[in-house]
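Trainee: I have a new structure to read. Please walk me through it, feature by feature.

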Amino acid sequence: MARGYQSYRGRNSIGARVAIVLLVFILIAACVFMYAQQNVSYADDGRIYLELPYYGKIYLPTPPRPEPEPEPEVDPGPPPVNLIIDRPEPEPEPEPEPEPVDLYGEHHLVELSALPPDGAALEDTLAARGASGFVYTVRNNKGEIFWASATGQSKAVKTGEAETELLRGLCEMEDVLSVARFNVLHDSYYAFANMKDAAICQNGNYGYVWYDNHAYHWLEPEKELARQYVVGLAVECAQLGFDELLLEELCYPTRGNTYKINYADNTMEKREALALLLTEIRTALEPYGTRVSLLLTEEQLLEGSNEASGVDLATLLPLVDGVYAEVSSEAAARALLGAAVGEDAEAPALVCLLTEPGTEEGWCVPAAQ
């Protein structure tokens, strides 16, 4: 053997043995793990157990379940705002307006100078003239009253109870249009009896009634007592059963010594006073369903407005249902009425006096109306 060299004795043999032992343990553990995997089961309550032959179930220790981490708090922000919206309840749909009723149709009216003895006689008169109604004067330009009025000036009433009942019966006849011709402001009875409080009075002789070229007196529509008297008479006509009140001389006087009239104390314009009276008449007649119409001259239609008489068609026509007039041209008269009320309003019905040869004289609604 050479000097300085010796045989190798395995300096690391202990480490090799340890490695071998560890390897054996690992192999045994792997085999046990594989065997256990085949026999591991889970109970309903979540516990783990081994089910081995001859030994049954062997429960294994179960580590405690970690508590769930709390969810991070989220800033909810400002509280929600409850908006209360006040929504109005929907309005019910308006009922359709009824079709407008023709107030006059093709009526032909006979003007009676006296009352017939009974309804049959009136029907014969109407049939002979081809008429469907009549016009009868119940108050004339002297202020005389032709029915037994309870409110009229006693000296002005020229008719008794019997004739009044006859008139009432004629007005109540079916299919017969009855029109009361009613003079409004020309009055020689009530004006004379109530000069200061109801009449148009004179200048200079303050408080004494004024008279026109026929020596007749007039009521002053601005004075409340005069309006009350006229409205009361109009209501009595409606109560008699008349279908319509035809107002005549709803105006101030224009003939005679008008310069002697005292208007110094008046507070209204003439047209305003006339409109006030007409409005009060119409309002009083509404409960009775009585129509209101105006009797105008062709001159008044052509003028449209007259400061002296106070007649202003633009003011008066919207307050009436019809206009009666003796005109030379029906078409021209309708055009004048339309111009007076304006484009946005409906002109009142036109009733003309027929006086042409070959026609039955009387008041008639033009066929074109």
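**Reading the model**

Mentor: A search of the whole structure finds three aromatic pairs. In one of them, the rings of Tyr190 and Tyr229 have centres 3.7 Å apart. Keep in mind that this is a predicted model.

Trainee: Why does the pair of Tyr190 and Tyr229 count as stacked?

Mentor: Look at the angle between the planes. Planes under 30 degrees apart count as stacked. The planes of Tyr190 and Tyr229 are at 5°, so this pair is stacked.

Trainee: Which parts of the chain does the pair link?

Mentor: Distant ones. Tyr190 is in helix α4 (residues 190-193), and Tyr229 is in helix α6 (residues 224-240). The two are 39 residues apart.

Trainee: Are Tyr190 and Tyr229 buried or exposed?

Mentor: Buried means under 20% relative accessible area. Both Tyr190 and Tyr229 are buried.

Trainee: How many helices and strands are in the protein?

Mentor: The protein has ten helices and eleven strands. Of its 369 residues, 37% are buried. It exposes about 23400 Å², and carbon and sulfur atoms supply 54% of that area.

Trainee: What do the contacts say about sequence distance?

Mentor: Take the contacts between residues at least 6 apart in sequence. Of these, 68% join residues at least 24 apart.

Trainee: Show me one residue with its surroundings. Where does Arg181 lie?

Mentor: Arg181 lies in strand β6. The cut-off for buried is under 20%. Arg181 has a relative accessible area of 16%, so Arg181 is buried.

Trainee: What does Arg181 touch, not counting residues up to four places away in sequence?

Mentor: Arg181 touches Glu111, Val135, Tyr136, Thr137, Val138, Arg139, Leu246, Glu248 and Leu295. Now look at Cys237, which is 56 residues from Arg181 along the chain. Their C-alpha atoms are separated by 9.9 Å.

Trainee: What is the nearest side chain of opposite charge to Asp312, and how far away is it?

Mentor: A salt bridge needs a side-chain nitrogen of Lys or Arg within 4 Å of a carboxyl oxygen of Asp or Glu. For Asp312, the nearest side chain of opposite charge is Arg271, 5.0 Å away. Asp312 is buried yet has no salt bridge. Leaving aside neighbours within four places in sequence, Asp312 is in contact with Arg271, Gly304 and Ser305.

Trainee: Last, the surface. Which residues make the nonpolar surface patch of about 300 Å²?

Mentor: Ile14, Val18 and Leu22 make that patch. Take Val18, found in helix α1 (residues 13-39). Patch residues need over 30% relative accessible area. Val18 has 46% and is partly exposed.

Methods:
Residues numbered from 1 in each chain as written. Predicted model: local features only at pLDDT ≥ 70, side-chain atom pairs only at ≥ 80, totals over all residues. Heavy atoms only, no water. Patch = residues over 30% accessible without salt bridge, like charges linked within 9 Å, V, L, I, M, F, W, Y side chains within 5 Å. Areas by Shrake-Rupley, 256 points an atom, 1.4 Å probe, with all protein chains shown as cover. Helix = DSSP H or I, 4+ residues; strand = E, 2+ residues; numbered from the N terminus. Buried < 20%, exposed > 50% of the residue type's maximum accessible area, 1.4 Å probe, protein only. Lys, Arg positive; Asp, Glu negative; His and termini not counted. Contact = heavy atoms within 4.5 Å. Phe/Tyr/Trp six-rings, centres within 6.5 Å; stacked < 30°, edge-to-face > 60°.
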